Amino acid sequence: MGIWNRTGIAATMLLVGASFVGAGHAHAQQQSHISAEMIEQVRASVKEDASRLETIFKDIHQNPELGFMETRTAEIIAKELESLGFEVKTGIGGTGVVGIMKNGEGPVLAYRADMDANAVEEATGLPYASTVRVEREDGTVSPVAHMCGHDAHVTWMLGMAKIMAEKKDSWSGTLILIAQPAEELILGAQAMVDDGLWTDYDLPTPDYLIGLHTAPGPVGMVVSSGGPKMAGTDQIDVLFKGVGGHGSMPQMTKDPVIMAAYAVTQYQAIVARTIEPQQTAVLTVGSIQAGVDNNVIPASALVKVNLRWYDAKVREQMIAGIKSISDGIARTYGMPEDMLPEYTMKGYSTPLVNDDEMAERHADALTKLVGKEGVVSQLPAATGSEDVHLLKGPNEDVAFNYLIVGVADPEVFRASMEAGKGFPYSAHNPNFIVDLRAIPVGTEVATVATLELLGKGSPLLKVTKASK
């Protein structure tokens, strides 16, 4: 709480771009049931475990793994959970791990921590910075680093798991911990569901699902806000086919590089001229891959596209526009119908929507942890995306809340705000840093959020089903 106070309320309001209100606001319909005594017990337990948690965090940070490659991280999680008495199941959806602790009658809560890192070269200069490089499926070598905070997510979950195992007399029900692969690919959650997460592993149907994520806000800030929060997304590969040849004789070729270049510029007109301005629509080209030599026109060019949306009709418009533009360009450059572009739909997720009542109850509980000034309960929807809510699978009536936890050094954050720069860094940036003080704070947040719903005497949440 002291860390947060040095940053100031005004900075928070600039950060979120919205009014922020403590959880004790008058219109709250769901009041917290976790006691002040339990909050202090959580603080004491985390303080006692802080050194171990920091060691775990640094180890995972130095040994990052890309999506569906998280074998080492999964082994660490499985070993830690087994040592705490959790029933552990591994290899779900590739590298996914699930830990189950049954503790009498009560609700079933599922908690997700994603494990994968980014294909980004770290530039933080930290003594425990990643220097890892890995060969990918296409033969390219990529740097790997945790530039989105998933290393913190795993650490927070393991810290929370230890407290829940030690304080079984304080809660009742079933706790399901899910270590998810490949969130960055927007594939991991669905992979676990498709692999039988809720049908083949003897897991009870959850009443609640919780996810936490880092943000470059100051340590001590927590966001628990109901309603739509993150956009739906698609990852689409567009493969332009051509006829390769010598760079000195372009008339003998059908150049896919030109086709790709024209397509990238024309894609932007889909959003600018076909989508209603009031709608949320983002179309980004993240990669163009074609050829290797200066004097060779290649036979193909790959364009990697990312979409963000809230309205499914907007999604359909963007996808149809991409296909129409790409096919039209290929025809213009003489490609026959059997050599038009190929489209590969990869990662996909619907918009993330928090349950209003669950968010309010968490906000109220977290106010007891970080203070009223530390809780943001009104946050506008953003264009970032997640797949955590897809872990519900066929279980539609699961109350869900996605919490955001500040991880930036408060002084660094304050200086950046005062300089008019906004965030000091962003996720996926080479300089993304999880301040070490965020490790115990995030663990406390994870534990309080869990105990709020599983604590003895805590009533089953009255769910509004905001996600329906």
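Predicted model: local features only at pLDDT ≥ 70, side-chain atom pairs only at ≥ 80, totals over all residues.
Let's begin with the strands. Eight of them, or 8 strands, form an open sheet with mixed pairing, in the order β1-β2-β6-β3-β7-β18-β8-β17. The edges belong to β1 (87–92) and β17 (375–376); each has a single partner strand, so one side of each is left without a neighbour in the sheet.

Further in, β7 (residues 208–218) runs parallel to β18 (residues 399–408), and 9 bridges link the two. Within this part of the sheet, Y208 sits opposite A399 of β18.

A residue to look up here is R361, which lies in α9 (residues 356–370). Is R361 buried or exposed? R361 counts as buried because its relative accessibility is 1%, under the 20% cut-off. The side chain of R361 also makes a polar contact of 2.6 Å with the side chain of E452.

## Helices α7 and α8

Now for the helix pair. Helix α7 (residues 256–274) packs against helix α8 (residues 312–332) at an angle of about 145 degrees, and their axes are 9 Å apart. The crossing of α7 past α8 is right-handed.

Which residues meet here? From α7 they include M259, Y262, Q266 and I270, while those from α8 include M318, G321, I325 and I329. By type, the residues of this contact divide into 11 nonpolar and 5 polar, with no charged ones.

Note on methods:
Residues numbered from 1 in each chain as written. Heavy atoms only, no water. Helix = DSSP H or I, 4+ residues; strand = E, 2+ residues; numbered from the N terminus. Buried < 20%, exposed > 50% of the residue type's maximum accessible area, 1.4 Å probe, protein only. Polar contact = N/O pair within 3.5 Å; in protein donor to acceptor, adjacent residues only side chain to side chain. Pairing = 2+ DSSP bridges. Axes fitted to C-alpha atoms, helices over the stretch in contact; angles between N-to-C directions. Left-handed = near helix turned anticlockwise from the far one by under 90°. Contact = heavy atoms within 4.5 Å. Nonpolar A, V, L, I, M, F, W, Y, C, P; charged D, E, K, R; others polar.
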